[in-house]
Amino acid sequence: MSEQQQTTSKITIPAAHPMVAVLGHGDGILRVIEKQLPSIDIHVRGNEITVTGPQPDVDLVRSLFDEILIVLRTGASLSDDSVRRSIALLQAAGRGEESMRPAEVLTQNILSNRGRTIRPKTVNQKRYVDAIDKHTVVFGIGPAGTGKTYLAMAKAVQALQGKDIARIILTRPAVEAGERLGFLPGTLYEKIDPYLRPLYDALHDMIDPDSIPKLMAAGTIEVAPLAYMRGRTLNNAFIILDEAQNTSAEQMKMFLTRLGFGSKVVVTGDTTQVDLPSGVQSGLRVVQGILEGIEDIAFCRLSSTDVVRHRLVGEIVDAYGRYDAEQQAQQQAQQDRRPGGPRRVG
């Protein structure tokens with residue numbers, strides 16, 4: 001097979017964009033592009049970028065810089081990770097897969113606090129955020145680090161600041177205590193703190209920490225174990241159930257039927273990380289078969305490709321997924337070999 005024909009293209013960056021913003025500090029963005037697309041050669045002189053390589057890859061680089069300029073015009077910054085994800089999006093589009101333009105994903109600002117902006121970083125994250133805007137009940141299902149809870153909380157704070165709702169209610173099952181919090185030592189807040197601390201941590205990223213106690217004292221923000229939701233009707237609220245894989249089917253039904261007028265519900269969880277006692281079905285697993293397809297309810301599924309923590313987290317999630325699949329296959333093979341199992345032919 002002959003090598004692909006090489007072509008050269010020149011990209012001129014408008015003077016309004018400093019080259020350090022376009023190429024990254026120390027040409028970091030440039031190095032990411034060259035690493036992700038080893039078939040191309042890039043040279044920079046002044047505000048002119050010369051790209052040489054196979055035509056499809058050269059076209060991709062041209063499109064990438066178009067997207068970079070759009071992102072920069074919005075005032076958003078670019079990281080090495082966002083450039084890698086942008087290249088992957090453009091490659092997917094080139095293969096004819098359903099995708100989005102990188103700028104569509106990277107320029108959607110949800111919330112800004114103390115100079116830090118929260119926004120989706122992947123296509124599935126953007127679809128998840130869009131689903132929260134469009135639906136009353138949204139399920140965000142995926143592994144750790146995909147932003148399920150963090151983005152939902154950002155949307156809740158955005159809705160509170162925009163006066164779309166009157167209060168935020170954050171809850172999760174205290175499964176390790178079997179919800180029997182009365183048997184734990186200390187005050188109520190000391191009892192529930194270990195289970196709800198991740199929600200407090202996220203709140204501190206999004207709201208002035210000094211104002212959080214006041215908002216909680218006024219009931220504008222409530223953080224409580226799932227057991228405290230029973231018997232209530234939650235009107236005009238943004239309600240988030242976190243770690244929903246650790247609810248039973250009965251608890252999930254109880255929670256969803258708390259929904260009142262003018263409220264929005266987001267349920268997040270990872271069906272591969274269930275900590276319930278043996279024999280207890282996960283409410284998050286069961287509810288998918290019950291509610292999928294109902295109008296105004298959306299199920300958004302994220303995967304290891306949406307992990308926005310350290311790059312290794314995605315690889316760790318995938319490795320454990322392969323391990324679990326192998327274990328299940330071995331268990332099935334052992335069951336097949338037991339007396340009374342499926343008859344073997346031959």
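## The largest cavity

Helix α3 gives the most to the lining of the largest cavity, with four residues. This is a predicted model. A search of the whole structure finds one cavity of 30 Å³ or more. The space in the largest cavity comes to about 30 Å³.

Which elements give two or more residues to the lining of the largest cavity? They are α3 (55–73) and α5 (102–106). The lining itself is made up of Leu64, Glu67, Ile68, Val71, Leu78, Ser86, Pro102 and Leu106. Six of the lining residues are nonpolar, one is polar and one is charged. Glu67 is the charged one, because Glu counts as charged. Ser86 is the polar one, because Ser falls among the others in that grouping.

Most residues other than glycine have a negative phi.

Where is aspartate 27 found? Its place is the loop between α1 (19–23) and α2 (28–36). The relative accessible area of aspartate 27 is 36%, so this residue is partly exposed.

Is glutamate 243 buried or partly exposed? Glutamate 243 counts as partly exposed, because its relative accessibility is 27% and buried means under 20%.

Note on methods. Residues numbered from 1 in each chain as written. Predicted model: local features only at pLDDT ≥ 70, side-chain atom pairs only at ≥ 80, totals over all residues. Heavy atoms only, no water. 1 Å grid on protein atoms, 1.4 Å probe; cavity = no way out; pocket = protein on both sides within 12 Å on 5 of 7 lines; lining within 4 Å. Points joined across faces, edges and corners; volume = space filled by probe spheres on them. Buried < 20%, exposed > 50% of the residue type's maximum accessible area, 1.4 Å probe, protein only.
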